[in-house]
Amino acid sequence: MSDELKLTFAKAYDELEVITREFEAGDLDLEKSIPKFKRASVLVSFLKKELSKMESQIEEINLDDEAKTKVL
Amino acid sequence: MLDKPVFQVSECIEVVNNHLSLLGEIVVEGEIGRFDIKNGRLIFGTLKDATGAIDIFTLPHLVNNFRQFEPGMLVHAYGTAGLYKTSGKFRFFVSELVPVGEGALQLAYDKLKAQLEAEGLFALERKRPLPSWPQKIGLITAPNSSAQADLLKILITRMGGLKLFTLPVNVQGREALPTLLKAFSYLTHHPKEFDVIIMARGGGSLEDLAAFNSEEVCRAVYGCPIPVISAIGHEDNWSLTDYVADVRASTPSNAAELAVRNRVEVVRDIGTNYQLLHQHLIRTLKIRENLVNQSAMTIRHRLQSLTSTINQTIGKVPVIKVTLKSLINQYQVTLNRSLPLIHSSLKREMALKQQDLTHLDRLLSSLDYRQVLHRGYSITTLNGQILKKAALANSGDKLETQLSDGRIKSIVT
């Protein structure tokens, strides 16, 4: 689950950067700009939502047993 | 006289060894006098101080980074004392050898640094880029240390959704090396469970940081399948693991900042990007709108111009009509005036031609040969040809003579 989340977040962020670079290059005509802007809006909403809700976890690894034990 | 026990030589050696074994492991401090490595398998040497010297014996795999040792170095030798069974000579069997004093440690550090650098462990090309969005982070730190506390606090504050794994190690002392190696062994066996590793400890002396300047830990960092951020010691003093690691941080806090992006900055960057896109779109729309307006205006002007031209042309039609009518009238008048004149002229011409014709007819009549025949002349032909000379007629020729009222056939005699 977290791997999928990471991939989606990373991919979404990368895709947003690509769209921004395309707009800055100024090569897009109106027919392509509007759907890309709509896609960018979707990506921005998703990224902001993900950033606001993510909680962190801490675990200590037992090097002797090579098994995760304590959750701090 | 008290009886003293009598020992055989080998018994004596054994008894002395038994007594010495009661000492257990001791630490001897001394300067290395000799340090010879035989065939890479045995190490013989001496330790000495101002007044004494002992022979030492050890195996390469027992001495961490054995190549760093050289005569003159001050060391602590951990080991057991004993006598060789056959020769009875004293020897100190070393289980661990550690350089001591800043001078020795600095020498060892410099020597190992040069060696590892020559081998390419510090090479920039080998350093791997850190992942952009790490989620699973391994922390090699002393448990409950300020380095660990700093790392955890800053990592959690900067970014959410992280899974932080602490790998507890000793960061100094005799247990530092083995626990660090155990941690890296774990990482090697679980490479997919981590996105990045942070190894951190606070400042200390060269002796405190000895494990992080050891060949074994350096090679473990070099061989780690996961990118490593090393934050060992003070800002200006680099440990050897700092050189080997993929990224070097000056402090544990700095390591946390290098590992993850700040959530607040990311949100701000996303917002900025969105603003940029919005502005670009508005600009593109504006440009397109202007183009459309310009085109519309151009079309409007052309239409107005065309309409005006057409109206002007239509306006000219009545004038043309009047002009045409006037022209037609003029031609009519001219025609009416001309016709009688033409008629009478033609008549005159015809009369003249008639006169000529009559004249010519009379002339023709007067030239008619039949009028000549009426006056008594005749035409004689021979074989259809008019005979003009008598000499041309021969006897027996058949002649035909035409008179005014008929023909006579004759034969020449």
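User: Which residue stands opposite Ile197(B) of strand 8?
Analyst: Gly138(B) stands opposite Ile197(B) in strand 8 of chain B. Strands here are DSSP runs of E, at least two residues long, and helices are runs of H or I, at least four; both are numbered from the N terminus.

User: How many bridges join strand 6 to strand 8 of chain B?
Analyst: Four, and the two strands run parallel. Strand 6 covers residues 136–141 of chain B. Two strands pair if DSSP finds at least two bridges between them.

User: What about strand 8 and strand 9 of chain B?
Analyst: Five bridges join them, again in parallel. There, Ala200(B) stands opposite Ala231(B) in strand 9 of chain B.

User: Before I go on, is this predicted or experimental, and how do I read the numbering?
Analyst: It is a predicted model: local features need pLDDT of at least 70, side-chain atom pairs count only at pLDDT 80 or more, and totals for chains, interfaces and linings use all residues. Residues are numbered from 1 along each chain as its sequence is written, chains are lettered from A and ligands numbered from 1 in the order in which they are written, and side-chain values use heavy atoms, leaving out hydrogens and water.

User: Back to strand 8 of chain B. How many of its residues are buried?
Analyst: Six of its six residues, so the strand is mostly covered. Buried means under 20% relative accessible area, exposed means over 50%, and partly exposed is in between (1.4 Å probe, protein chains only).

User: Which way do they point?
Analyst: Val196(B), Ile198(B) and Ala200(B) point one way. Ile197(B), Met199(B) and Arg201(B) point the other way. In a regular strand the side chains alternate between the two faces of the sheet.

User: What does helix 5 of chain B pack against?
Analyst: Its buried residues pack against several elements of chain B, including strand 8 (196–201), strand 9 (228–232) and helix 4 (176–189). Those buried residues are Glu215(B), Val217(B), Cys218(B), Ala220(B) and Val221(B).

User: New topic. Is Arg248(B) buried or exposed?
Analyst: Buried, with a relative accessible area of 16%. Arg248(B) sits in strand 10 (residues 247–248) of chain B.

User: What polar partner does its side chain have at 3.2 Å?
Analyst: The side chain of Asp242(B), in a polar contact. That term means a pair of N or O atoms within 3.5 Å; within protein, one must be able to donate a hydrogen and the other to accept it, and residues adjacent in sequence count only if both atoms are side-chain atoms. The backbone oxygen of Asn237(B) also lies 3.4 Å from a polar atom of the Arg248(B) side chain.

User: Now the two chains. How many residues does each bring to the contact?
Analyst: Chain A gives 37 and chain B gives 41. Contact means heavy atoms within 4.5 Å.

User: How many salt bridges are there between them?
Analyst: Two. One joins Arg288(B) and Glu31(A) at 3.7 Å, N to O. A salt bridge is a side-chain nitrogen of Lys or Arg within 4 Å of a carboxyl oxygen of Asp or Glu.
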